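Work through the exercises below with the sequence and the structure at hand. Each task is followed by a solution in steps.

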Amino acid sequence: MDNIKQPVIEIKNLTKKYGNNLAVDKISFTVNRGEIVGFLGPNGAGKSTTMNMLTGYLSATSGSARIDGYNILSNPKEVKQMVGYLPEQPPLYMDMTVMEYLNFVFDLKKVKLTKVSHISEIIEMTKLGKVQNKLIKNLSKGYKQRVGLAQALVGNPEVLILDEPTIGLDPMQIIEVREMIKKFGENRTVIISTHILQEVNAICDRVVIINKGKVVAEDTIEHITKKNGEESAFQLRVHTDEKTASSVLSRAKDLIEEFKPMSRRESGATDFIVYTKGEQDTRAGILKHLVDNGIDVLMLRPVEMTLEEVFIKTVNSSDKKVGKGVEA
């Protein structure tokens, strides 16, 4: 059996109401074993509410959520044993040392593993060895965040739910933590809520975008950026100067609707955005026209949106369709 395609998190019509306001409105999505999924949305979209329901800290008004087959409402004990949660503000005890705190979490979770070896492994994974005997209150913000990540790993959970996992870290620590999360995703399922879209690009397989309590987009990063790109636009890079290339392109009026020069990316090369005529793919014709006129083509590819552009477009578009939500 291919475990990668086996759903571990299954959410169906999950809803949370506060009075007459909907924080989460009948959302549905699945996360497969071994996937790292970015959970995105503007402030007040319902991300934190959803994660709190998934971790059992908040009850749903209706709908269902299952983790590895266990219902989060009827099997809260089993679910909590399978989930490691890093909230945006980690629940740290400042007067404990790192080692004391992880031992405390181990006992609190009633973990069945061998304590010494398990905690040592987590300290190594999160690179906390240098500070393991220091009081948490004396640690930098970045190290405190690592301690929060370490507590989420206690018990070796199958699912990790991480809220802003690299907040407060310096650039080198961010790279290290991203590599850790990638490693965790090899044998765990990971959901990351973050405002840092570069982080999603760096480590996530797929994204779920939520706005005003509703899922408004769900796809792999590759598909979602391609799908939202301009189908009739291509980025062209030619090995010549702008004037020469523009003269040749202007003579392909049957193939090209419009072209615009871009900033130069390579020495001796010029980039253009080329808008083709009609819906037909005219790349082959454009390529032949350029080559026949003695111009070397270095690149011709569809214009894709960045994840940031897709996020803004999706949220703005859904604002016209989705009812008013609440801060969550």
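**Exercise 1: helix H4**

Just after H4, Lys127 has a positive phi of about 55 degrees. The model is predicted: local features need pLDDT of at least 70 and side-chain atom pairs count only at pLDDT 80 or more, while totals for chains, interfaces and linings use all residues. Residues are numbered from 1 along each chain as its sequence is written, and side-chain values use heavy atoms, with hydrogens and water left out.

Task: Identify the buried residues of helix H4 (residues 115-125) and state where they lie on the helix.

Solution. Helices (H or I, at least four residues) and strands (E, at least two) are DSSP runs, numbered from the N terminus. Buried means under 20% relative accessible area, exposed over 50%, and partly exposed in between (1.4 Å probe, protein chains only).
- Step 1. His118, Ile119, Ile122 and Ile123 are the buried residues of H4.
- Step 2. Viewed down the axis of H4, these buried residues fall within an arc of 135 degrees, so they line one face of the helix. The arc is that of the directions from the helix axis to the C-beta atoms.
- Step 3. Val116 and Glu124, on the other side of H4, are exposed.
- Step 4. Helix H3 (98-108) and H5 are what the buried residues of H4 pack against, where contact means heavy atoms within 4.5 Å.

**Exercise 2: the H5 and H6 pair**

Task: Describe how the axes of helix H5 (residues 141-153) and helix H6 (residues 171-184) are arranged, and list the residues that meet.

Solution. Axes are lines fitted to C-alpha atoms, for helices over the stretch in contact, and angles run from 0 to 180 degrees between N-to-C directions.
- Step 1. The axes of H5 and H6 come within 12 Å and cross at roughly 10 degrees.
- Step 2. H5 and H6 are therefore roughly parallel to each other, a term for angles under 35 degrees.
- Step 3. From H5, Gly142, Tyr143, Arg146, Leu149 and Leu153 meet Gln173, Glu176, Val177, Met180 and Phe184 of H6.

**Exercise 3: strand S13**

Task: How many residues of strand S13 (residues 270-276) are buried, and which way do they point?

Solution.
- Step 1. Seven of the seven residues of S13 are buried.
- Step 2. Thr270, Phe272, Val274 and Thr276 point one way, and Asp271, Ile273 and Tyr275 point the other way.
- Step 3. S13 pairs with strand S12 (residues 256-261) in the antiparallel sense over five bridges; two strands pair if DSSP finds at least two bridges between them.
- Step 4. Phe272 in S13 is the bridge partner of Pro261.

Notes: Parallel < 35°, antiparallel > 145°, perpendicular 65-115°, else oblique.
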